Number of protein chains: 2
Amino acid sequence: MSETTPTETRSNEGRPPERAPRKRVNRREQILRTAADAFAAQGFNNTSLADIAAMLDITPAGVLHHFGSKTDLLTAVLELRDNNDPAPPGSGMLDHLVTTAERNAERPGTTQLYAVLSAESATAGHPAQEWFRERYTVLRQEVEDAVLDRLGPEHREAAGTPGPSGHSPARSAAAAVLAAMDGLQVQWLLDPEAVDMAAVTELVIDAVVARLSTRADTGKSSGEGSQEASGNTEG
Amino acid sequence: MSETTPTETRSNEGRPPERAPRKRVNRREQILRTAADAFAAQGFNNTSLADIAAMLDITPAGVLHHFGSKTDLLTAVLELRDNNDPAPPGSGMLDHLVTTAERNAERPGTTQLYAVLSAESATAGHPAQEWFRERYTVLRQEVEDAVLDRLGPEHREAAGTPGPSGHSPARSAAAAVLAAMDGLQVQWLLDPEAVDMAAVTELVIDAVVARLSTRADTGKSSGEGSQEASGNTEG
DNA sequence: GACTAGTTACTAAATGTTCATTAAGTCAAG
DNA sequence: CTTGACTTAATGAACATTTAGTAACTAGTC
């Protein structure tokens, strides 16, 4: 894991600058991990290069030597994590999601990284905006496929057919599952005792899949009639 | 600087000695609304008092005259919105949630405010952290009650009884619904075409409630045994 | 194995912002 | 004369980024 810094640190003050010994290991990766931790703990906007540099016992300029700018560093962090956790195709992915939630509960850092960054990315001109948009597009597709895969062939067609809302039930289910996972992360970060991410994730998946089995036709049905839903899909 | 220098409107340089006319309306509210918009569009950390002040054609110090600090302004914004949207008690709340999602789709500003701020609040030392923690605690309870209310009396007891995960199915359902709504907001903000917030919210509510009717016993049952969660966490 | 040149990984020291906040004053209205 | 709603100006801090080094290692050449 983190078998770093064999001898030297320059955390010692006062002394004439003592140079860290050259390591063969990719310093880049070390910085990336550190930056990920920092962004996770404080968000992107609220993390300074000085924060990250301090954790590494170097100067901000030292960080920028490896990554041209703070924004570059962010995108590198995101890409690193991306290729880290391959999802199995097919309906196995749904189980994988539960496992992921379980694992997330043991890795507050990574969890926070995505929870915080994804929402932050929805602000104007955020450097990670495009990255997250793309990510969700891909994930929705994958989860949709997984949902369809889990459904029996008899429901598959109906679940894959766009309803009045413009999206297929399977796609809505995919959005729902991903949304729930993200939202749970925020609740859990704020109050870890209050929610069991894995259990609730499983509940949502099971519930939504079951719903598609019984009522695969549902796109957006107004049920109890208590509200006046202006079923307008907006122009 | 002659004594009579009657300086300025804000937006325009120089000329007409035109102080903003004294209005009776609460300037506080005006500032609050503006600040809400700004926080929504850019997040809290990324919004400066100068940004807000500029939108009002005053100086940053002018804003601080009404609110002692930026943090005070944030909490005031949150409290304003809080007392804005009363939820009906009982199972009617579930319909209210769908209606809220519908309304949110027409108010990107408010939606963004909460989506961005709630996630941002999960970072270390954020001023709104306690506020959101409290908010979720209250909302979970309210939605839990609403879910129990919607269930028939025969399922109510089982759904209200804590399972192996430590939380009752109804509470898990509540967390799920709220989480889904939050997560949907992020997806929607990033890509409005991609998700129908109201439709998916309704799907989740219906699915989860139905699930509790058929299997109110489920807390977190290993059940199908389809996944092996052990071992290997490394990719 | 020493000499040199290139590369890597930094540092120190600006630079120019942007920011929240404070202090003290102005001006109009009640 | 007091109060409310501001303003100008200053302060000090935090920041990302640039520039110009410098130390250590690497490789090639004699």
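**Close-up views of the two-chain model**

**The interface between chain B and chain A contains three salt bridges.** A salt bridge is defined as a side-chain nitrogen of Lys or Arg within 4 Å of a carboxyl oxygen of Asp or Glu. The structure is a predicted model, in which local features need pLDDT of at least 70 and side-chain atom pairs count only at pLDDT 80 or more, while totals for chains, interfaces and linings use all residues. Residues are numbered from 1 along each chain as its sequence is written, chains are lettered from A and ligands numbered from 1 in the order in which they are written, and side-chain values use heavy atoms, with hydrogens and water left out.

**The contact joins 66 residues of chain B to 69 residues of chain A.** Contact here means heavy atoms within 4.5 Å. About 5300 Å² is buried between chain B and chain A, and carbon and sulfur atoms give 59% of this area. Buried area is the accessible area (1.4 Å probe) that two parts lose on being put together, summed over both.

**Twelve residue pairs, both residues at pLDDT 80 or more, are in polar contact across the interface of chain B and chain A.** On chain B, the side that touches chain A draws at least two residues from each of α1 (27–42), α5 (92–104), α6 (108–120), α7 (129–150), α9 (169–190) and α10 (197–214). Helix α9(B) provides the largest share of that side, 14 residues. Sorted by class, the side of chain B that touches chain A holds 31 nonpolar, 22 polar and 13 charged residues. A polar contact is a pair of N or O atoms within 3.5 Å; within protein, one must be able to donate a hydrogen and the other to accept it, and residues adjacent in sequence count only if both atoms are side-chain atoms. Ala, Val, Leu, Ile, Met, Phe, Trp, Tyr, Cys and Pro count as nonpolar, Asp, Glu, Lys and Arg as charged, and the others, Gly among them, as polar.

**Chain A comprises ten helices and zero strands.** Helices (H or I, at least four residues) and strands (E, at least two) are DSSP runs, numbered from the N terminus. Of the 235 residues of chain A, 46% are buried; buried means under 20% relative accessible area, exposed over 50%, and partly exposed in between (1.4 Å probe, protein chains only).

**Arg171(A) and Glu144(A) are joined by a salt bridge, with an N to O distance of 2.7 Å.** This pair links distant parts of the chain, 27 residues apart, with Arg171(A) in helix α9 (residues 169–190) and Glu144(A) in helix α7 (residues 129–150) of chain A. Glu144(A) is buried, at a relative accessible area of 9%.

**A further pair crosses between chains, from Asp206(B) in helix α10 of chain B to Arg211(A) in helix α10 (residues 197–214) of chain A.** The closest N and O atoms of this salt bridge are 3.8 Å apart. Both Asp206(B) and Arg211(A) are buried.

**His126(B) is located in the loop between α6 and α7 of chain B.** This residue is buried, with a relative accessible area of 8%. A polar atom of the His126(B) side chain lies 3.0 Å from the backbone nitrogen of Ala128(B). Leaving aside residues up to four places away in sequence, His126(B) touches Phe44(B), Asn45(B), Leu74(B), Glu120(B) and Ser121(B).
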